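Have a look at this one with me. We'll start at the surface, then work our way inside.

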Amino acid sequence: MDRIIVEMDTLDETRPLRLQIFLSQPNGKLALAVSSTKIIEPQYPVGNQGKFNGYQIPDFFIEKGILKMWSEIKGGNITYDFKYNNGSFELIYVNKLTNNATKGYIDEKTIFTETKFDLVTGIRTEIDEISGSDKALKVRKKRVLIRPLPKIQDFKFSDKELY
């Protein structure tokens, strides 16, 4: 079994988090494949004047050979899919769900935007829907090629604005 570990440095006042991914080897031992302190925002970031960032620590799991990272973002959540290729985990897919609620609650006028970005094909689709409706208000599709594919060890939590 592979292992994913998220550690918090409780001695540092910003409470930085480190992601470590260990892959099982044929001999049964685990080998460190990735170690990153850039992918997860610290719990008390410097730019937040020592205040809690307001977000949960992201969830990491492996599903059908894809490493997934689910994370809260302002007004929604985002899931990143990474595939192991040639010794690295490469970002291949992003699914982001946001809403335009400004009053702290969702009502029948809330618009949800789902962004699906397949980095392999370069197709980025945004779909706007009203809460509770089955019909899309607006669909936007465009092609955005990113080469080479971003690697997990180079990925920063601030990159969520790119997708």
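Before the first stop, a quick definition: a patch is built from residues with over 30% relative accessible area and no salt bridge, and nonpolar side chains are joined into one within 5 Å. Keep in mind, too, that this is a predicted model.

With that in hand, find Val 6, Met 8 and Ile 57, which make a nonpolar surface patch of about 190 Å². Val 6 sits in strand E1, residues 3-8. Its relative accessibility is 31%, so Val 6 counts as partly exposed.

Now for the inside. In soluble globular proteins, nonpolar side chains tend to be buried together. Here the largest nonpolar core has 25 residues, and Tyr 80, Phe 82 and Ile 152 are the ones with the most contacts inside it. Strands E2 (17-24), E5 (66-73), E6 (76-85) and E7 (88-99) are the elements that each give two or more residues to this core.

Which residues does Tyr 80 touch, once those up to four places away in sequence are set aside? The list runs Leu 67, Lys 68, Met 69, Leu 91, Tyr 93, Val 94, Phe 155, Lys 160 and Tyr 163.

Last stop: the loop between E1 and E2, where Thr 14 lies. Is Thr 14 buried or exposed? Its relative accessible area is 14%, and because buried means under 20%, Thr 14 is buried. Leaving aside neighbours within four places in sequence, Thr 14 is in contact with Pro 42, Gln 43, Tyr 44, Pro 45 and Val 46. For a sense of scale, Thr 14 and Asp 81 are 67 residues apart along the chain, and their C-alpha atoms are separated by 27 Å.

Definitions and conventions: Residues numbered from 1 in each chain as written. Predicted model: local features only at pLDDT ≥ 70, side-chain atom pairs only at ≥ 80, totals over all residues. Heavy atoms only, no water. Core = buried A, V, L, I, M, F, W, Y, C linked by side-chain atoms within 4.5 Å. Buried < 20%, exposed > 50% of the residue type's maximum accessible area, 1.4 Å probe, protein only. Helix = DSSP H or I, 4+ residues; strand = E, 2+ residues; numbered from the N terminus. Contact = heavy atoms within 4.5 Å. Patch = residues over 30% accessible without salt bridge, like charges linked within 9 Å, V, L, I, M, F, W, Y side chains within 5 Å. Areas by Shrake-Rupley, 256 points an atom, 1.4 Å probe, with all protein chains shown as cover. Salt bridge = Lys/Arg side-chain N within 4 Å of Asp/Glu carboxyl O.
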